[in-house]
Amino acid sequence: MSIVTRRSAITGLGIALATPPLAIPALAQSGDVFRIGLILPMTGPFASTGRQIEAAIRAWLRANPAPIAGKRIEILLRDDTGVAPDVTRRLAQELAVRERVQALAGFGLTPLALAAAPIATEAKLPMIVMAAATAIIPSRSPFILRTAFSLPQATAPIAVWAQRAGIRTAVTLVTDFAPGLDAERAFKERFTAAGGSVTAELRTPLRNPDYAPFLQRVRDARPDALFIFVPSGEGAPLMRQFAERGLREAGIRLIGTGDVLDDDILNDIGDSALGAVTSHHYSAAHDSAENRAFLAAYAAQAPGQRPNFMAVGGWDGMHLLAEGLRRTQGNTDGERLVAAMAGQEWISPRGPVRIDAQSRDIVQDIYIRRTERRDGQLWNIEFDRVERVGPMG
Ligand code: PHB
């Protein structure tokens, strides 16, 4: 904390009535508990993201019960409802000031991560972004590290694949908010650079979208493929319309980032998803020892549910924090923890990952997957891979 005069400290107290001061000496430094303030959408339209990440974190804690560097991990979960950045900001502030957490984590959507970033900076708290995926997020605070992914990273490989697969014309359909615009831009750049042509760019509202008129326009435009990005959870209503409008029968191929066909909802979507090709960093069908261990731990915590890419962001976020704490030997100073976490590499359930030391963003392999039925269930089966993709693709 910088040196404050008595006068400015008193002024600070005056301000405290409206916004509590955040630079508080870390009281818990010597304690035996490491407190993580977890902010997730547990209700509202994006509650599936909250449920997935919470289950993964609880699964990680069950699988790793021993104290880390002498500290027991405690999770303080708060529901920000997924659609109100001011709520996220208030919750982050309360967790920092009143609850004295030593890290913030979660953040289901971009506007919510952006709202919390200044709190992390002011309170000097590591902020682990486990879900939100707009490229610029880690640049908004030197305390942010991301274990999710970024939209340009997930999108660039499918644009290149599409061109190679003989797709010449595409229409893009994205949700009209920051990650959607990232996806739209990245797809167009890569696809046109590879010789393809984007014939229409459609944007659907974030709140209460009705996909029917958009998909009718796509059907009328008859592109070789429709590229889709919608946030996790929105895939089911969109795919219902995709089936009802007969886009598949019209010969329009479905491509996109993996968000639209995420593992949480894939089986509910059913046959209309068959044959779709998407690119993403995680599929529950990923064939590795680390993923099998993750699936087993998740199944013990949430029987009968399949983890999706949000869950793996939560699981890896816990790994990153724990490893950081080990490296500082239990010192919870925010700057030290961030320095100990930046640059880390490990084998995640998704494959090899690294937190880039400069950007604090994740570098990872992106897989091209086809939706197939295996043993009566739908899976995104990985059949190609682009290694070590950076946050800008
Ligand atoms: C985001 O808001 O950044 C976001 C949300 C859901 C996704 C991807 C990105 O599936």
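Author: This is a predicted model. The lining of the largest cavity divides into 12 nonpolar residues, four polar and one charged.

Reader: Which residues lie nearest the centre of that cavity?

Author: G108, A131, A132, P231 and M310 lie nearest the centre of the largest cavity, out of 17 lining residues.

Reader: And what volume does the largest cavity have?

Author: About 140 Å³.

Reader: Where does it lie relative to the domains?

Author: The largest cavity lies between domain 1 (2-149 + 287-360) and domain 2 (151-280 + 366-389), because both give residues to its lining.

Reader: What about the ligand, which space does it take?

Author: The ligand takes the space of the largest cavity. The shell around the ligand also draws residues from both domain 1 and domain 2, so the ligand lies between them.

Reader: Which residues come nearest the ligand?

Author: There are 14 residues around the ligand, and L109, T110, A133, S232 and D259 come nearest.

Reader: How does the shell divide into nonpolar, polar and charged?

Author: Nine residues of the shell around the ligand are nonpolar, four are polar and one is charged.

Reader: Take the polar side of it. What lies 2.5 Å from an oxygen atom of the ligand?

Author: A polar side-chain atom of T110. For D259, an N or O atom of the side chain is 2.6 Å from a ligand oxygen atom.

Reader: How much of the ligand's accessible area does the protein cover?

Author: The protein covers 99% of it, where the ligand on its own has 280 Å² of accessible area.

Reader: Changing topic. How many cavities of 30 Å³ or more are there?

Author: The structure holds two of them. The second largest cavity has a volume of about 30 Å³.

Reader: Which residues line the second largest cavity?

Author: Its lining consists of G258, L261, D262, D263, H280, Y282, F309, R369 and N380.

Reader: And how do those divide by type?

Author: The lining of the second largest cavity has three nonpolar, three polar and three charged residues.

Conventions
Residues are numbered from 1 along each chain as its sequence is written. This is a predicted model: local features need pLDDT of at least 70, side-chain atom pairs count only at pLDDT 80 or more; totals for chains, interfaces and linings use all residues. Side-chain values use heavy atoms; hydrogens and water are left out. A residue is near a molecule or strand if one of its heavy atoms lies within 4 Å of it. A polar contact is a pair of N or O atoms within 3.5 Å; within protein, one must be able to donate a hydrogen and the other to accept it, and residues adjacent in sequence count only if both atoms are side-chain atoms. Accessible areas come from the Shrake-Rupley method with a 1.4 Å probe; for residues, only the protein chains shown count as cover. On a 1 Å grid over the protein atoms alone, a cavity is a set of points where a 1.4 Å probe fits but cannot get out, and a pocket is an open set with protein on both sides within 12 Å along at least five of seven lines; lining residues have an atom within 4 Å of a point. A molecule sits in a cavity or pocket if more than half of its atoms lie within 2 Å of its grid points. Ala, Val, Leu, Ile, Met, Phe, Trp, Tyr, Cys and Pro count as nonpolar, Asp, Glu, Lys and Arg as charged, and the others, Gly among them, as polar. Domain bounds come from an automatic or database domain assignment. Grid points are joined across faces, edges and corners, and a volume is the space filled by probe spheres set on the points.
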